[in-house]
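Reader: I'd like to go through this model with you, one question at a time. Could you show me what we have?

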Amino acid sequence: MSQRPQNPIIILGAGIIGLTTAVRLLESPLYRDEDIPVHIIADHLPNDPLDARYASTIAGAHHLSFADDEDERQRRWDGRTFEVMFDEWKNEGEATGLMAVKQTEMFVGHDKHLKIYEEHPDFKIVEMAERPKDIDHAVSFTSLTMTPLTYLNRLLQRISHLSEGKVRIHRYHIPSLSSLTEPSVQTLIGKGTPLAVVVCVGLGALTLGGVEDKTVFPTRGQVIKVKAPWIKTGWTRQVGDLNGGEGGERTYVIPRADGEVILGGTREEGGWEAEPRQETTQNILRRVLEICPELTQGDSDHKHPVSNQSSPDLHNPTSTDVSAIPTNKKERQTQSSRLQSIIMDNLVGFRPSREGGTRVERGPDLSLTRSVGSGKCQGEGEAEGEAEGEKTVVVYNYGHGGAGWQSCWGTAEDAIALLEAALQ
Ligand SMILES: Cc1cc2nc3c(=O)[nH]c(=O)nc-3n(C[C@H](O)[C@H](O)[C@H](O)COP(=O)(O)OP(=O)(O)OC[C@H]3O[C@@H](n4cnc5c(N)ncnc54)[C@H](O)[C@@H]3O)c2cc1C
């Protein structure tokens, strides 16, 4: 490796997965000890207009694992990510885009919570008498929510700081891994054959040449963004079993540090419709009011946010009892129009799902052919034509489904460990 220090490492993708992977690379001895150029290449970048195909900016997002009790790998990724983010929040507060919340997870139709919740601070099983009506089982614990744009922008700053501004970020569509040595790409990354590429392209893995993973599919999610800074508690209602994944109907209320609250949600496997559906919006509004009637009880000017204590609390069952929902048609309409008045946006995103779960593994090395002798790509002393390929290590880190935010640091660390082992 030290024989070709100018050959770059490429991180493909600039979502939460690509950027956390880039941070771990820049912190690794691999980067610190060898002067390897690093480039991030992506179609979408954090401050772009929202796009359903760029899941990281649409996400809720909260840390609420789906890891099955037997799924050691996913539990480790999710647990590690919570640990990293909780430390960030403790050390730097909500400026990170992270907010610690009391999270209550309620179950209808079964009485099993995932074991990983027991590892969270303040975990407790909510006793029968405290539970809202119709809820068969409930647990509460401390978790985290994320304001995606704030967090992603801080990652960009961190990348710039760690590399002293040397990491270049390029907006460019890579049609195929083999195009990394084509002249158009080499004008961005230089003429050396990449030492390695870390593939963090989310749903892009479906079509990216050289990967074309047909087990990748979108899971369409529709959410509503509202301004409700008086909501400081996270709520989820799960109807039906999670099936060790993300099954069943999930309703959630995700307050963010900036006073916005994400209401959701839906899960539609294979759904590609990028526009929100009005009937889905109405359905989500009805469901979230059932688990969090306080959404309609804030000051519409947002000048006097209601304190934490007045957020629904399972210690005060009346505040969350679904019977608190007005049965009277007129009252229901009033509540609904209050909720309508705080809506900021309806959003749709495609979770990058994959049969068999997230792919963090080393792929076969690429043997890329590099064009030489035609201007920009000509290597010193090389003849015109094509140079036989040097090997490029490939590491995959994609297919995080609905869990990319809550597993990002765990998967980034594994991906960089694979890269280090491959380049030793
Ligand atoms: C509605 C919704 C709610 C969610 N809620 C949560 C939650 O609460 N908690 C949680 O953990 N997760 C949640 N998720 C899931 C989470 O958003 C994703 O798992 C995560 O964002 C995936 O990140 P990623 O970086 O792999 O993909 P993306 O964010 O989609 O980024 C992919 C990157 O690859 C680039 N790319 C792709 N193909 C190419 C190519 N050929 N050439 C160049 N660049 C390319 C793209 O431009 C982009 O930069 C939610 C998702 C949705 C949609």
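Reader: Where is Gly265 found?

Author: Before we start, this is a predicted model, where local features need pLDDT of at least 70, side-chain atom pairs count only at pLDDT 80 or more, and totals for chains, interfaces and linings use all residues. Residues are numbered from 1 along each chain as its sequence is written. Helices (H or I, at least four residues) and strands (E, at least two) are DSSP runs, numbered from the N terminus. With that settled, Gly265 sits in the loop between β11 (260-264) and β12 (268-269).

Reader: How much of the protein chain counts as buried?

Author: The chain has nine helices and 18 strands. A residue is buried if 20 or more other C-beta atoms lie within 10 Å of its own, exposed if 12 or fewer, and partly exposed in between, with C-beta atoms placed from the backbone. Of the 424 residues of the protein chain, the share that counts as buried is 46%.

Reader: How many residues of α1 are buried?

Author: Helix α1 covers residues 16-27. Its buried residues include Ile16, Gly18, Val23, Arg24 and Leu26. So α1 is mostly covered, and of its twelve residues the buried ones number eleven.

Reader: How are α1 and α5 oriented, roughly parallel or roughly antiparallel?

Author: Axes are lines fitted to C-alpha atoms, for helices over the stretch in contact, and angles run from 0 to 180 degrees between N-to-C directions. The axes of α1 and α5 (residues 148-162) come within 10 Å and cross at roughly 25 degrees. Angles under 35 degrees count as roughly parallel, over 145 as roughly antiparallel, 65 to 115 as roughly perpendicular and the rest as oblique. That makes α1 and α5 roughly parallel.

Reader: Which residues of α5 does α1 meet?

Author: Two residues are in contact if their C-beta atoms, placed from the backbone, lie within 7 Å. On the α1 side, the contact takes in Ile16, Leu19, Thr20, Ala22, Val23, Leu26 and Glu27. Those meet, in α5, Leu152, Leu155, Leu156, Arg158, Ile159 and Leu162.

Reader: By class, what residues does the contact of α1 with α5 have?

Author: Ala, Val, Leu, Ile, Met, Phe, Trp, Tyr, Cys and Pro count as nonpolar, Asp, Glu, Lys and Arg as charged, and the others, Gly among them, as polar. The contact of α1 with α5 has ten nonpolar, one polar and two charged residues.

Reader: What about α1 and α9: at what angle do the axes cross?

Author: These two helices are oblique to each other. The axes of α1 and α9 come within 8 Å, and they cross at roughly 40 degrees.

Reader: How do α4 and α9 pack, roughly parallel or roughly perpendicular to each other?

Author: Helix α4 (residues 72-92) and helix α9 (residues 404-423) have axes 6 Å apart, at an angle of about 105 degrees. Therefore α4 and α9 are, to each other, roughly perpendicular.

Reader: Is Asp122 buried or exposed, and what makes it so?

Author: Asp122 is in the loop between β3 (98-108) and β4 (124-125). Its phi is near 65 degrees, a positive value in a residue other than glycine. With 11 C-beta neighbours inside 10 Å, Asp122 counts as exposed.

Reader: How many C-beta neighbours does Glu164 have inside 10 Å?

Author: Glu164 lies in the loop between α5 and β6 (168-171), and has a positive phi of about 50 degrees although it is not a glycine. Glu164 counts as exposed, and its C-beta neighbours inside 10 Å number 7.
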